Amino acid sequence: MFDVLAIASRNLLRYRRRTLLTLLLIVIGMLAVLLFIAVAGSFKSMMVGQITDSVLGHLQVHRKGYVASIDNLPLNLNMKPQMVAKVEEALKQNPAVETWSPRVKFGGMFSNFAETTSIRVNGIDPAREAATTPLLPGRMVDGEKAGALVGRGQIVIPLLLARGMKTGVGDTVVVVATNRDGSVNGKTFVIRGILEGVTGPGGRDGYVHIDDARELLRMTEAEVSEIAVRLKDFSRLERTNGQIKQALEGLTNKEGKPALEVHSWADLSPFANLARMIDLMTLFIKIMLVSIVLVAVMNVMIMAVFERIREIGTIAAIGTPPSRILSLFLAEGLMLGLAGTVTGMLLSLAAIFGINVWKPTFNFGQQQNLVMAPTIAAGDVLTIAALVVVVAVIASLQPAWKASRMDPISALRHV
Amino acid sequence: MGLVTASNLTKTYRVGDIDVPAIKGVNFAIAASSFVAFVGPSGSGKSTLLNLIGCLDHPTSGTLKVLDTDIATLDRRAAARFRGENIGFIFQDFNLIPVLTVFENVEYPLRMVQLDGNKWPAEKRRARVLRLLDAVGMTDQADKRPDQISGGQKQRVAVARALVSQPKLVLADEPTANLDHDTAYRILELMKKMRDDFGTTFVFSTHDPKIMGEAETTFTLEDGRLQNGGSHV
């Protein structure tokens with residue numbers, strides 16, 4: 001094997017310029033793929049982090065049918081205290097769950113006593129909400145970021161609403177809502193802070209204390225619209241989602257059907273489509289890399305066989321077994337792939353390191369100066385590396401096969 | 001019984017729809033340790049005959065036995081193995097491998113052709129190559145590449161390569177055609193010396209009347225037929 005590799009490496013060095021050009025193509029391909037995976041991956045993680053850590057949480061538990069009619073924020077699909085207790089028990093039992101936050105959600109009218117507009121109100125337990133969505137306080141553009149997000153009698157409103165209604169921190173406003181029985185109730189709040197949206201100034205979500213929400217809706221018991229769940233390890237999302245679904249399967253309604261539904265952030269956010277698009281683009285870039293390596297290596301190997309026909313005839317005539325002739329050319333493809341992979345990998349890792357040192361910033365919606373910190377998993381690097389090497393060997397297979405099947409007499413006569 | 005025996009041997013090539021006979025029912029026998037030349041003008045069938053003896057081609061009809069093996073029974077893989085173990089080749093254009101040094105070119109058959117690695121361990125292999133290089137007077141050029149030596153030196157290396165695996169038969173197709181007269185004679189002298197030293201049978205082809213006189217046995221081919229009746233001396 002060593003002999004085959006030694007001869008293969010010398011044959012590659014024989015046509016230095018051509019080998020270098022082929023290597024360059026492989027290296028550029030690898031660089032493009034690994035950098036894209038690292039940058040797009042970090043962008044995706046950052047955005048997913050923004051969405052899960054400041055709004056949605058990693059998972060949400062609702063009563064069956066709630067998500068289908070979530071635009072109406074139906075109060076008749078809230079979870080009763082007994083049901084909430086069972087959900088909390090199931091969450092407590094799961095070691096992957098870090099914390100959770102119960103929310104009461106409803107639609108209401110927001111008034112500054114002169115004008116009125118609609119608002120989606122989230123009644124939250126400030127401490128538990130901050131633990132479940134730790135980036136939420138950071139979205140406060142006006143008002144004290146420190147301390148509880150909202151206290152009793154306070155409201156945090158979205159930037160869009162504050163601008164439109166010309167209200168600011170410290171102003172008194174009134175929120176009017178219709179409860180489940182159809183009676184209209186109102187409650188005054190003092191504006192505690194103003195929040196920017198995750199993806200821009202849009203969004204009509206305000207936050208009040210959960211007890212104020214229940215009071216406004218005149219709930220007789222501690223109902224909950226949704227429970228947002230935060231996991232210890234985001235990478236275990238799918239598995240934990242399944243486990244929680246399984247744990248809650250036993251809770252059925254009067255018809256004997258599951259009474260609850262569990263959704264991951266991806267089921268609830270349109271950004272999941274963008275994330276899927278990034279994954280799709282990554283796949284296309286990988287396909288491009290495979291094509292580049294395939295064409296580049298196949299081209300160089302076809303040339304190598306064509307230029308060495310007499311040499312192939314000679315080694316075949318003196319008794320070199322066809323399998324060894326095959327391995328000689330496969331080894332050239334393998335070494336091209338390996339050299340390109342190692343160089344491409346080192347350059348890509350250096351580039352990723354360089355970007356992390358440089359720390360370029362970018363804006364995403366209202367999020368200013370987000371630092372791009374590309375990272376790439378060792379698994380991704382190894383997968384791409386293995387892909388390039390395997391494709392390089394596959395690309396040399398046809399020329400190598402042709403060389404091994406060559407008739408020595410015709411090959412020796414070749415001019 | 002000869003080392004090589006041919007009986008009513010024919011070889012016909014098909015070119016388009018036409019059958020072109022290259023060898024027409026020849027009979028001959030070549031004794032072990034002999035120094036034999038196939039001579040004749042271009043197109044007389046010399047190279048075809050050497051290709052058949054070298055198991056590079058199959059006869060159309062008749063029998064050709066090399067070392068008691070009917071070469072018609074050898075498939076591609078078996079033929080390669082048979083050549084590697086029993087036959088050495090010397091080519092008109094030397095055909096050394098350009099990326100290997102002189103030493104490595106001579107060593108090549110022992111490393112890449114012989115599948116039985118134990119037969120030629122590194123030390124034994126090195127000793128064998130050095131002995132051959134010494135025999136052909138190329139020891140001091142061992143580290144040079146083929147493009148750094150002359151045509152005569154290349155053919156010396158080719159002779160050493162042909163003999164390194166101790167074959168019983170060496171076939172040389174026009175081995176002196178690309179050499180000047182003096183060098184050609186020196187190569188023939190070298191081949192004879194190798195025959196004397198190692199007992200190897202040398203069979204070569206030539207169309208040069210001066211060179212053919214160096215052979216101990218000469219078979220004259222004309223239009224695919226042996227003119228001297230195929231006898232051997």
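These exercises work through a predicted model with chains A and B.

Residues are numbered from 1 along each chain as its sequence is written, and chains are lettered from A in the order in which they are written. In this predicted model, local features need pLDDT of at least 70, side-chain atom pairs count only at pLDDT 80 or more, totals for chains, interfaces and linings use all residues, and side-chain values use heavy atoms, without hydrogens and water.

**Exercise 1. Compare the radius of gyration of chain A with the globule rule.**

Solution. 
- Start with the secondary structure. Chain A has 13 helices and 12 strands; both are DSSP runs, helices being H or I with at least four residues and strands E with at least two, numbered from the N terminus.
- Next, take the radius of gyration, which is 31 Å for chain A. The radius is taken over C-alpha atoms, and the globule rule is 2.2 Å times the number of residues to the power 0.38.
- For 415 residues the rule gives 22 Å, so chain A is more spread out than a compact globule.
- The C-alpha trace of chain A covers about 100 × 50 × 30 Å along its principal axes.
- Finish with burial. Of the 415 residues in chain A, 50% are buried (buried means under 20% relative accessible area, exposed over 50%, partly exposed in between, with a 1.4 Å probe and protein chains only).

**Exercise 2. Describe the interface of chain A and chain B.**

Solution. 
- Count residues. In contact are 27 residues of chain A and 27 residues of chain B (contact means heavy atoms within 4.5 Å).
- Take the area. The two chains bury about 2,500 Å² between them, with 57% of it on carbon and sulfur atoms. Buried area is the accessible area (1.4 Å probe) that two parts lose on being put together, summed over both.
- Look for charge pairs. The rule finds three salt bridges across the interface, each a side-chain nitrogen of Lys or Arg within 4 Å of a carboxyl oxygen of Asp or Glu.
- One salt bridge joins A:Asp3 and B:Arg111, with the closest N and O atoms 2.4 Å apart.

**Exercise 3. Is A:Asn11 buried or exposed?**

Solution. 
- Locate the residue. A:Asn11 lies in helix H1 (residues 2-14) of chain A.
- Read its accessibility. A:Asn11 counts as buried because its relative accessibility is 4%.
- List its contacts. Leaving out residues up to four places away in sequence, A:Asn11 touches A:Arg308, A:Glu311, A:Glu332 and B:Val99.
- A:Leu328 is 317 residues from A:Asn11 along the chain, yet their C-alpha atoms are separated by 9.6 Å.
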